[in-house]
Amino acid sequence: MKNGKRIICAALSLAMAASLCACGGNDTGYNKSSDTWTFTAWTNDSHSKATMEALVSKYNEGEGKEKGIKIDYQIQSSGEAVTMAIEADNAPDFFSAAVKKYSEMDKIIALDDMPGGPEYIKQYEGKLVEGTHMNEGKTYRVPFYVTTFGMVYNKDMFKKYGIVDENGEATPPKTYDQVRDYAKKLTHPENQEYGIMLPLKNKWFVDSDIEFVGMANQGYMNFNPETGATDYMGYKPIVDMYMGIKADKSYYPDPEGIDNDPGRAQFAEGNVGMKFAGSYDVGVYTDQFPAKCDWAVAPAPTAKEGVRYATRMASDGYLSINKKSAETKDKERLMEAFKWIHSEEVLTGLYKDGKSIPYDWNIVKDVDLGENAPTGWKEFCELVEVSVPSWRSPTATLTGQKNFNQVFIEDIWTEKVSVDDALADLTTRVGEARTKWLEENSDKYKLEDYIVENSLVPVN
Amino acid sequence: MTTATKSKKKKYFGSSQQKHDLTAYAMISPQIIGFFVFTLYPIIWAVRLAWFYYTGVPSETKFVGWENFITMFTVDDRYWKALGNTFLFAVCKLPIEIPLALILAVVLSRKIKFKGFFRSIYFLPNIISAAIVGIMFTSMFSHFGIINSMLKAAGFITENISWFSEKATAMAVIVVASVWHTFGINVLYFMSAMSNVSEELYESASLDGAGPIRQFFSITIPQIMPVMRIIIMLAINGTLATGDFILMLTNGGPGGSTEVIMTHLLKNLVPGFIMDGGNIGYGSAMAVITSLVLATTSLIYLKLSKNSEA
C-alpha cells in the first residue's frame, strides 16, 4: 500500500513536470501540411478590435491563404505584459515597442534588413522620425494612424442657451475668451448643467487639454523649432482661460476628483457644454458612453480669431518585427504579413469604420464615408489638415523636479504660484535640462538637429 | 571528531528524523526559492539601480554615484511632503480603525446570534481589491454622489460638498474608505487574540464585582497586549505602505495634497506611471530611502511598545 502511494505520487509528479514542459511550447508557427506560416500580432487597439478581426479574417481566407500566411491578431492591453514578454524573449512576431530601447536590446529588427525593406521604406520618406520610427538611421516601424485633437461641444445646450448663428445652428468657440464666455452662459447649477468638463484627475489632462490643443495658438508645444528655444509662455493664454473658468465656476464641479472616463460619461449624458477631446473619443461617444445629446467637433480655439497654427497630431507608428522571428521564421512571408498589416487596405477599412485616421490623409481623402459614419468622425478626420506631429525636441529629464502637469495641477490651479511665474520657471528649468542633455550627448546630438526652418506657418 | 559525535552523526543520517527534516525542507523550498527569485533578487536589482541614471534604454544608462540621493534631499521637496502626508494619513486612520476593530471584536466574542454572519460581513471589504474600493468611493463621494444625496436628505448640508477639492475633505474620504477596507482583518486578529483569554479570569472578576468595562481594561487589554502590539505594528506598516488605493481615489489630489510616499514612488519608478520617460534610478533611490524610513518607524514603535509593556 505504501509502495502504491509512492508510485502514484511519482507518476503525478512526472505528469505535472511533463505538462509544464509542454506549456513552454515549441510551436514555430509553421503548418507543414498547408505550407502556412502563422504570425502573431499584439496591439492595444481595443477600440478597433472588431474591424481588424474582420479585415484579418478576410485576409487569412483570401490573399493570405494564397501566400501561405495566416495572421493571428490579438489585443494585449497590458503594457507590463508586453514588456515582460519582450524581455523574456517570448514576444509575438509583431508588437508595439519603444524603438530606441528595444533596438539597442536587439529585440526588434530594422526594416532595412528585411527582404524588400529599403524599397518599402521609400514610400514613407519625409515622414519617418528619429526616435519614433527610427534609431541611428535605421527604420523599425512606420507611420500608421494618427490622432487629432479638438473640442467636442453639446449642440443641444448651445441652442438651449442661445449660442447659435443666424441660422440657429450651434456655434462653437473660436477663441479662448469665447470658451470662457460660453462656459459661463452654459452653466446652470440648478439644472445640473455646466459649461466645460475639466477632468483634473486624469494624469494626461495637461498633455491633451493644454499642450496638444494649445499648440494651435503658437505652432509648437514648449520647444520652438525655428529658434531652438524652450518656451512655455506660449501657453499663457490657454492657462489664463482655465483660471478664468475657475474664477467663474463654470466647470463641472469637483474637477479634482474626476478622471477622463467619468468626465466623458458626464458629457455623454448631456450635462456638459464643452470638453477637449481626441479622435479616439468618437468610439467613446458611439460605443462606450453613447451620447444622449447632439454633439459635434470643433477645431481647438486660439487666443485671436483668425490666427491659428497647426494643432498637435499624435503619430507614433504601429508595430515592429520581432528579431527572433526574423531569424527563425520565413523572412519573406514575415515581411509580407508586416506590409499587409500596414497596407492602405487596412487603413481604409479602419477609416471607413470610424476607428483610425490614416497617417496620410491622401489615402482616404476621396473615400466616401456614407451616411453611417459615426457622429464626429468626419470632423475629427478633417482636422488632419490643420494638424502636424509635434516637433522633435532635445530630451529634458527633470529628476526630482515638477513637470508641466504637476506645476499646473499643484501650483497654478491651486493659485499657489501665478501663471507668469510658473511658466517662466518651467521655461528656465526645462531649458537648462535640455542644454545639459545636449552637452552630455554632444557626440550624438546637436541643437541644429532639432531646428526646422520656416516651420511655424499659420494654417489659415 | 570524537567517537560519540561520529556515532551521533551516523545515527542521524538515514534515520527517520533525517527523512522528516528533508521532507520539511522540501515543503518549504518553493517558498524559499520564490523569496529569493521574486523578492530578494528584485530588491537587489532595485537597490543597485539607485546609483544609476536608468530609463530602460541601454545606451542612456550611466552610473551617477550619489546624485539620485542628493536630488532627493536637496531638490525633491514633494517627496518629503508626501512623507508628511503619509504619517498624517496614519495618524488620522489608526486611532479610528484600531479601537473600532477592538470594540467589534469584543462584541463578536460574546455569545450573540448570527456571530458568523457578522464576522463574514465585516471581513468582506478586505477581500475587495484596493483599486475597486478606490473607484467605489470616488463614485460615492462625487459631487452628485450618494453621500451628498444622503447628507442633503438628512438636512446636514444644503449644498453638495466637493469632497475632492480640498485637502481636509479629500483626506477624510481617504480615511473613511481605508478604514472600511481594512478594519475587518483587524477584527479577526483581535477575536483570535481574545479567544486565548481564559474565561475563568472573567468569572473571577465578576465574582469580585468587576463590571464589563472594568473587565475590558483590566483583563482583556493586558491579556491580549502582546498580540495587540503586533496587530498595531502590522496596521502601521500597512497604512504607511498604502498606494494604489489612494492613486485610484484622489491620485494625490487636490494639488498633490494627498500624495503619499507610495503614490509618489509609483509615479517615479513604475513604467506606465512615470511620465516623460523618467529616471527609474531615481525611483529606486527613493525606494531605498523609503524602505529605511518604514523600517525605522517599525523599530521605533517596537522599542516604545516594549518599553511601555515593561
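Predicted model: local features only at pLDDT ≥ 70, side-chain atom pairs only at ≥ 80, totals over all residues.
**Chain A on its own**

- If you count up the secondary structure of chain A, you get 18 helices and 15 strands.
- The C-alpha trace of chain A spans about 80 × 60 × 55 Å along its principal axes.
- Chain A has 460 residues, and 54% of them are buried.
- Take the contacts in chain A with a separation of 6 or more: 74% of them join residues 24 or more positions apart.

**Where the two chains meet**

- Chain A puts 32 residues into the contact, and chain B puts in 36 residues.
- Together the two chains bury about 2,600 Å², with 52% of it on carbon and sulfur atoms.

**Links across the contact**

- There are 2 salt bridges between chain A and chain B.
- One of these pairs K62(B) with E440(A), and their closest N and O atoms are 3.1 Å apart.

**Chain A's side of the contact**

- Three helices of chain A, α5 (99–104), α17 (404–412) and α18 (419–440), each supply at least two residues to the side that touches chain B.
- The top contributor there is α17(A), with 4 residues.
- Sorted by class, this side of chain A has 15 charged, 10 polar and 7 nonpolar residues.

Notes: Residues numbered from 1 in each chain as written. Chains lettered and ligands numbered in written order. Heavy atoms only, no water. Contact = heavy atoms within 4.5 Å. Buried area = accessible area lost by both parts, 1.4 Å probe. Salt bridge = Lys/Arg side-chain N within 4 Å of Asp/Glu carboxyl O. Nonpolar A, V, L, I, M, F, W, Y, C, P; charged D, E, K, R; others polar. Buried < 20%, exposed > 50% of the residue type's maximum accessible area, 1.4 Å probe, protein only.
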